[in-house]
Amino acid sequence: MKKNLLFLIFSFISICAFSQSYTHQDSLRGTITLERAWWDLKYYHLDIKVTPADSSINGSVTVAYKVLKPYQVMQIDLQAPLKIKKVVDEAGNELPVKHNGNAHFITLKETQKKGDFKSVVVYYGGRPQIAIRPPWDGGISWDKDEEGNDFIHTNCQGIGASIWWPNKDHMYDEPDSLLMSVNVPKDLMDVSNGRLIKTDKLKDGTTTYHWFVSNPLNNYAVSINIANYKHFSEVYKGEKGDLDMDYYVLPYNFKKAKKQFKDAPRMMEAFEYWYGPYPFYEDGYKLVEVPSTGMEHQSAVTYGNRYANGYRGKDASGTGYGLKFDFIIIHESGHEWFANSITYKDMADMWIHESFTNYSESLFIEYFYGKEAAQAYVRGNRRGISNDKPIIADYGVNAKGSGDMYPKGGNMLNTLRTVINDDKVWRSILRGLNETFYHQTVETSQIENYISEKSGMELKPFFDQYLRDTKIPTLEYYQKDGQFFFRWGNAVTGFDLPARVLLDGKEVWIKPTKEWGNIDMSTPFEHLEMDPNIYAGILKITDY
């Protein structure tokens, strides 16, 4: 059967087989090992001294846990060049530690009994890895502001929080709460997650800031941000009452921040409408200026977008709508719902964070500028899609899938909304996800199953197509003997996405599968268009 291209919504590219090799360290990092599985993380106290003069961190981490089943060896992760100096249990016993690269195995002296609550203190220090291009690579940035003051911050998604502090560095297990005590030099301030509960000014001229987080949080969201900050705040009247919104910026950017950060309450208004209440009222919401672009650090979203709309003044969609808001404020804050409240268990499922948050940008636009503007923005982002490898990566090895999890993931969700064809149902699904999986770590299957159930559609093949494959489905069609024939080509097994088409301007819903289907057409049509919000291509068959 010869096929002639009528048009394609997107240009197809040749896909080469993608393969990845993994090391033993990848498995130690990405697997729920025996030395991790037997204990449930309950609480951290990160107590550190940050010394800009020699780019060092020294201190301790208290790890409190509940014993799920008897076992005597605990895995704690810390990456070189930082070193564990010693580990001590509650009785004061110094515990032996065996080192295997970035994984460190602590043999406990006291018998671990199911149901017991225990703790160890890990002492560590050194000069942590420097982040060369934050936030995309991990480590600590030791910068200076325009006035010569130290300007320090952390970024560690992907490479792991163990790049700068010892912890159970796997996403499946989060502490219920965390205390951070960060000692910094005179005239500097540390801003971290949660609420500032105490400030200690020491005789040596340094200051220790104590920040407490009363909600579960993923380890890469833990952050320190150190500078000569100036603070301002406001109270947002939200769905759960008064929400403290605090802003920490460099003094010479104060006036610009007062203007630019007006997008923060606008963000909160839009996302509470679409997603439900902000997930961390108890810890408040903060924007904290940093030298890099920014990151979704829970309740302390970091900001470095140069006080410009778009992404540092640019609109990736090419539509102009991306310049109507500050990309970093909207995108990184969207992660408070998808990344910080709902968190992937395995790095392979990072799409849960990035696809929903990419889509959040269009929801913000829709709330303030209308649905057609939002749809145009989503479609515009397609030019950033590569279709180079699957969005979902390999499990158990801390692997990340294609960067398509951003624009392709957002278009996948917009496609799903289009075929559900009921905005009230769609909004209830988004809010329902945030209610059902509130403060939980999840797997892709849980998200898939929830949306399938609430939409009344079997969506496993749909997610297989867009998350686990690189091909773009193509609506193939032809007319013959008063019949309109159609099917999905370039599709995975079972793919049967409904499609809204216009036949000479008349709207018709069809449900193609991989096999040819047909409907009667009393009058042949001259022109077929598919809803442009469906991320797919079209091929007309001319020789059959």
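## Helix packing and core

Helix 4 and helix 6 are roughly perpendicular to each other, because an angle of 65 to 115 degrees counts as such and theirs is about 100°. This is a predicted model. The axes of the two helices lie 9 Å apart. The residues that make the contact are set out below.

| Helix | Residue range | Residues in the contact |
|---|---|---|
| Helix 4 | 263-275 | Asp263, Arg266, Met267, Glu269, Ala270, Phe271, Tyr273, Trp274, Tyr275 |
| Helix 6 | 351-369 | Phe356, Ser360, Leu363, Phe364, Glu366, Tyr367, Phe368, Tyr369 |

By type, the residues of this contact comprise 12 nonpolar, one polar and four charged.

Helix 6 is mostly covered, with 16 of its 19 residues buried. Its end C-alpha atoms are 26 Å apart, which agrees with the 27 Å that 19 residues should span at 1.5 Å a residue. Just after helix 6, Gly370 has a positive phi of about 105°.

The largest nonpolar core contains 150 residues. Trp164, Trp165, Ile224, Phe261, Tyr285, Trp351 and Leu433 have the most contacts inside this core. Leaving aside residues up to four places away in sequence, Trp165 touches Tyr44, Leu46, Val61, Asp77, Leu78, Leu82, Tyr124, Leu178, Asn219 and Val222.

Tyr535 sits in the loop between strand 28 (528-530) and strand 29 (537-543). Tyr535 counts as buried because its relative accessibility is 1%, and the cut-off for buried is under 20%. Between Tyr535 and Gln79 there are 456 residues of separation in sequence and 41 Å in space, C-alpha to C-alpha.

Key:
Residues numbered from 1 in each chain as written. Predicted model: local features only at pLDDT ≥ 70, side-chain atom pairs only at ≥ 80, totals over all residues. Heavy atoms only, no water. Core = buried A, V, L, I, M, F, W, Y, C linked by side-chain atoms within 4.5 Å. Buried < 20%, exposed > 50% of the residue type's maximum accessible area, 1.4 Å probe, protein only. Contact = heavy atoms within 4.5 Å. Axes fitted to C-alpha atoms, helices over the stretch in contact; angles between N-to-C directions. Helix = DSSP H or I, 4+ residues; strand = E, 2+ residues; numbered from the N terminus. Parallel < 35°, antiparallel > 145°, perpendicular 65-115°, else oblique. Nonpolar A, V, L, I, M, F, W, Y, C, P; charged D, E, K, R; others polar. Expected span 1.5 Å × (residues − 1).
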